[in-house]
Amino acid sequence: INAEYGQPDGVPTRITSPPVNVTVAKGGTVQMSCSAEGNPSPGITLTKSENTYSPDITRLNPKTSENMSGNGVVQTMTNVNEDNEGWYTCQACNYYGCDRARAYLRLLDLCALPENQCPPPKRCEAGRKYIW
């Protein structure tokens, strides 16, 4: 406690483990995570920016789940598609301040790769085939 003001000492939020850029195959599963510390413990959100030129942030689409883990958040996305590609922002805030970090989720369409870069054959959507 700060004796001079009679208020508890606080520590501004600091992101300790930011989200990282990731590439995932179309239809795959990916996890993005973010951790932060501060006193009091910060609230943490991991959101997708719909417009990379705007600070406005919207919640992730319904094909995701979010789990808090200690002082962090883990976002799991399944059946990843074009709607999931883009910038994701982790924001952590407490009474004494906020911190932000960003990462990019890149979608890899395996049905459009050259033969020497493709994994073993898989089934593509109807009407599409590997290009090789």
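The part to be examined is threonine 76. Where does threonine 76 lie, and is threonine 76 buried or exposed?

Reply: The model is predicted, and the description below begins with the residue and then widens to the chain.

Threonine 76 belongs to strand S6, which covers residues 72–77. Its relative accessibility is 14%. Because a residue counts as buried when this value is under 20%, threonine 76 is classed as buried. The side chain of threonine 76 also has a partner: a polar contact of 3.1 Å links it to the side chain of glutamine 31.

The surrounding chain may now be considered. The protein chain contains eight strands and zero helices, so that its pattern along the sequence reads β-β-β-β-β-β-β-β. Of its 132 residues, 30% count as buried. Among contacts between residues at least 6 apart in sequence, 56% join residues at least 24 apart. The chain exposes about 8,300 Å², of which carbon and sulfur atoms supply 49%.

The chain has an average pLDDT of 75, and 61% of the residues score at least 70. Strand S1 (residues 11–17) has the highest mean, at 95, whereas strand S5 (residues 64–68) has the lowest, at 47. Over residues 51–65 the pLDDT stays under 50, and the model has 34 contacts beyond four places in sequence for them. Where pLDDT is low, the predicted coordinates should not be read in detail.

Terms used
Residues numbered from 1 in each chain as written. Predicted model: local features only at pLDDT ≥ 70, side-chain atom pairs only at ≥ 80, totals over all residues. Heavy atoms only, no water. Helix = DSSP H or I, 4+ residues; strand = E, 2+ residues; numbered from the N terminus. Buried < 20%, exposed > 50% of the residue type's maximum accessible area, 1.4 Å probe, protein only. Polar contact = N/O pair within 3.5 Å; in protein donor to acceptor, adjacent residues only side chain to side chain. pLDDT = per-residue confidence, 0-100. Contact = heavy atoms within 4.5 Å. Areas by Shrake-Rupley, 256 points an atom, 1.4 Å probe, with all protein chains shown as cover.
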